[in-house]
Structures are given as C-alpha cells and as structure tokens.
Amino acid sequence: MLPKLFAKLSLVGIFTTLISCASPPNSTSISTPETPEETPTATGVIVISDVSNNPAKKINRYQPMADYLAANLTEFEIGIGEVKVASDLPTIANWLKDGEVDLYFDSPYPAMLVSEQSAAEPILRRWKGGKADYYGIIFTMRDRNLDTLADLQGKTIAFDEASSTSGYMLPVALLVQNGLNPVEKNALSDNLSNNEVGYVFSDDDENTIQWVISGKVEAGAVDIGTFMEIPAESREQMAILGETDKVARHIVLVRPGMDPQMQQAIQRILIEMDRTPEGKAVLEKFEETAKFDDFPTDASLSKMRTLYEQVKNR
C-alpha cells in the first residue's frame, strides 16, 4: 500500500537546490615561526533536506542550520553545509536511502512514509514553531446546522494534501474511528452518496479555511495552531466538530548507515542548540524552532502506522 501511496504523492519534476557555505580560497604560505603552516580546510559535507514547492524560501530557512551543523562537525572532517529540496516524498526517501542527504525534518505522517521507504531512523523531536506537539481539528460554520461528526454523513470536507499529518491522516482516521466512511472525490461536483463523507484536497490550509467560509465544502480540517490564527471575528462563527489525537510536532530522521559516532554528535549538537545565544539565533531562523529533545520518536511513527492501517483496512 505504501508504494502505491508514494506513487500518488509523486509530483512531476524535482526541485533540487544546493547551497553551501563557502570554503576559503586555497592559499600557500612558507612555514616559519612567524608564519605557521595553515591547517587544511575540511571538505566533508553535511546535507539536510525537506520537501517544498518553494525551494528558495526553504533554503533561506534551512541554510543557517546546515552551516551550524557543519561548523560543529569538524572532528568528522565536515566543513560544508548543504540544503537539498525535493518536490515529493519519494525523492527524499531515495536521497536518504542512497546517502545523498543526511537529515530530514517533517511531521510524523510523512516522516513515517519516508522512514518506511528508506530505512531512515527517527532520532529526535523538533519543536517547530515553538510547539512540542499538535493536533488536528475538523471545523464548520455555525450556520450549517452541523453539531457532531456524524452530521458530516453525505457531506463534503476539505483536507490539505495526501501527505499531511494534521490536514489529512489524523482527521481522516478520526472519521473512521467514529464509524464514518470517508471517500476521496476528484472534484466537488462528483456524486456523493448518503453513506459516505466525501473529501477533496485543497492543497493549502488557507484554501481549506476559505472553502469552508464560502460554502464550497461543509467542513474542513486544519491543525489547531492554524485554526487559532483565524481572526477572532471569523473564528467565532465557526464550530469545532472533532479533535484528533496529539502527535509530535516534527520528527528528525537520519539516513541509514551513518557512522554511529557522527549520529550521536549530531544529536548532541541539536539538543544543546537552545543553550547558547548562537544556537538560539539559528533555531529562530529555522522556522522558529524552540529546541530539539529526546522523545519516543519510534512511538510517534508507530502511532502513525496504526492510524494508517486503520484507514487502509476499513
């Protein structure tokens, strides 16, 4: 099932962008007591990655982290930090499996998918946006006369995209757990029977919110943080029909086959970043990350696997 889902998630084309911190130019000097011989510059590379349809924006946010890791991994002959951005999850999985990237950061559902396809291992939790965990909600407008999830029977709901944790997997699993029958529709005009909840993908949380407000769909699913960012005046006209389980905000995956000592060093560097002014400054640029910590990341991926199986086997 996972290979089929990966094929569905694949997009045409791969956005691959490499930006590296500049190495100082080669220079030659005569070794004298006054002019000591220069230490050779480390040329090893640490590569971090993510999926995005806006590579330039992602690189701007990720490059300081790549540079920071490179500057603190010199004992492993690392001196260059690079960022690679792909357009889909299968590409990230292949890069990890082939050793083209070292670290990948994402929410639990796509992290689970990538881990299954690449054998990459979860090592830490990332507090993205300052949050240790988060959950999804299904909401509607108060004037739609929908009071419970059961009222969505025969109605249409908007999800973000098929690889989203809070905008798809968590809410679709919530529907299944409540005895409903979510069925994907290619378009809002597709036929919808009374014994199913039709769902369409909006491709963006903002689209989901607007579709609910405008009445294109009866309900939508977003993460609680996004919902609370809706202006209070509009939010007061909405009702939450259901809340999903909480999961880790983000997971850090490391490529298979990495030197265990280097992996341990990376974990230590990331965990200690919030303890220094320099580290905090980099974390802030890294999509307002508060910190990294030890967390039962295996359990997070196992939970997503369980939810995925529930949806698949209904």
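Entry 1: I began with the largest cavity, which holds about 40 Å³ of space. A cavity here is a set of points on a 1 Å grid over the protein atoms alone where a 1.4 Å probe fits but cannot get out, and its lining residues have an atom within 4 Å of a point. The grid points are joined across faces, edges and corners, and the volume is the space filled by probe spheres set on the points. I noted that the count comes to one cavity of 30 Å³ or more.

I also wrote down that this is a predicted model, in which local features need pLDDT of at least 70 and side-chain atom pairs count only at pLDDT 80 or more, while totals for chains, interfaces and linings use all residues. Residues are numbered from 1 along each chain as its sequence is written, and side-chain values use heavy atoms, with hydrogens and water left out.

Which residues line the largest cavity? I found Leu170, Ala173, Leu174, Gln177, Thr244, Asp245 and Leu307 there. Helix 5 (residues 165-177) gives the most to this lining, with four residues; helices are DSSP runs of H or I with at least four residues, numbered from the N terminus. I sorted the lining into four nonpolar, two polar and one charged, where Ala, Val, Leu, Ile, Met, Phe, Trp, Tyr, Cys and Pro count as nonpolar, Asp, Glu, Lys and Arg as charged, and the others, Gly among them, as polar.

**Entry 2: helix 5 and helix 11.** I next looked up how helix 5 packs with helix 11 (residues 297-312), and the angle is about 55°, with the axes 9 Å apart. Axes are lines fitted to C-alpha atoms over the stretch in contact, and angles run from 0 to 180 degrees between N-to-C directions. That makes helix 5 oblique to helix 11, since angles under 35 degrees count as roughly parallel, over 145 as roughly antiparallel, 65 to 115 as roughly perpendicular and the rest as oblique. The contact (heavy atoms within 4.5 Å) includes Leu170, Ala173 and Gln177 of helix 5 and Leu307 of helix 11. Its residues divide into nine nonpolar, three polar and no charged.

**Entry 3: helix 2 and helix 10.** The axes of helix 2 (residues 55-71) and helix 10 (residues 277-285) come within 8 Å and cross at roughly 150°, and the two helices are therefore roughly antiparallel to each other. Among the residues in contact I listed Arg61 and Tyr68 of helix 2 with Glu278 and Lys285 of helix 10. By class, this contact has five nonpolar, one polar and three charged residues.

Definitions and conventions
On a 1 Å grid over the protein atoms alone, a cavity is a set of points where a 1.4 Å probe fits but cannot get out, and a pocket is an open set with protein on both sides within 12 Å along at least five of seven lines; lining residues have an atom within 4 Å of a point.
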